[in-house]
Amino acid sequence: MTGGSRAGGTTPAVFPRPAKLGAQRERWERLRQEQGLSCEEAARLLLDTYEYRGLVKHAGGCHCGAVRFEVWASADLHVFDCNCSICTKKQNRHFIVPASRFKLLQGADNITKYTFNTHRAQHTFCKTCGVQSFYTPRSNPDGYGIAPHCLDEGTVHSTTVEEINGKEWEKAVKEHKTIRSMSKP
């Protein structure tokens, strides 16, 4: 692709540096090649897919602003209020999304984690202000639990809260009809 003309030819178009995709680079390149898409066309396809599913992009973070993220989810949130020992102490209310719909924008070096019991749940929080804006739940290790109160204002339409009996975690998760599927794309 070329830009405007100059004496003796054309100037090359200027594009921003490619995004750092990490582990997603291979999947991104495979999608582009299989579909014969430019980067812009592939991004539009993914964005249209999320919008088609009725998702909106929420942004959020911790109190001090060191940790920032964005997440694609419904504007009508289904929030879990768990009564397990740690969720009770932290007042941890959260909604679950697949890992593919979550992006940490900044603060990876400012996040620390706490685990206990089975050590499957990764309770992450900001080292500076102590706020847990997201974590990896034991019920959905392939997704994230997002604290709705850590989202920026303006994108949430409604919130439905469901109590979950985390004191009897195995039984509650086994009996719940949809919790495991919430982290699936």
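Predicted model: local features only at pLDDT ≥ 70, side-chain atom pairs only at ≥ 80, totals over all residues.

Now zoom in on strands 5 and 6, which pair in the antiparallel sense over two bridges. Pick Phe80 and look across to strand 6: its bridge partner there is His94.

Next stop, the largest nonpolar core, with 14 residues. Select Phe69, Val71, Phe95, Ile146 and Leu151, the members that touch the most others in that core. Strand 4 (68-74), strand 5 (76-82) and strand 6 (93-98) each supply at least two of the core's residues, and strand 4 gives the most, with three.

Stay with Ile146 and show its contacts. Leaving out residues up to four places away in sequence, Ile146 touches Phe69, Val71, Arg93, His94, Phe95, Val97, Phe102, Ser133, Phe134 and Leu151. Apart from this core lies another, of eleven residues, including Phe80, Ile86, Ile96 and Trp169.

Now for the rings. The structure has six aromatic pairs; to see a cluster linked by ring pairs, select Phe69, Phe102, Phe134 and Tyr144.

Which ring does Arg138 lie over? Select Trp169: Arg138 is over its face, 3.8 Å from the ring centre. Then go to Tyr135, where Lys90 lies over the face at 5.6 Å from the ring centre.

How values were computed:
Residues numbered from 1 in each chain as written. Heavy atoms only, no water. Core = buried A, V, L, I, M, F, W, Y, C linked by side-chain atoms within 4.5 Å. Buried < 20%, exposed > 50% of the residue type's maximum accessible area, 1.4 Å probe, protein only. Helix = DSSP H or I, 4+ residues; strand = E, 2+ residues; numbered from the N terminus. Contact = heavy atoms within 4.5 Å. Pairing = 2+ DSSP bridges. Phe/Tyr/Trp six-rings, centres within 6.5 Å; stacked < 30°, edge-to-face > 60°. Lys NZ or Arg CZ within 6 Å of the ring centre and 35° of its normal.
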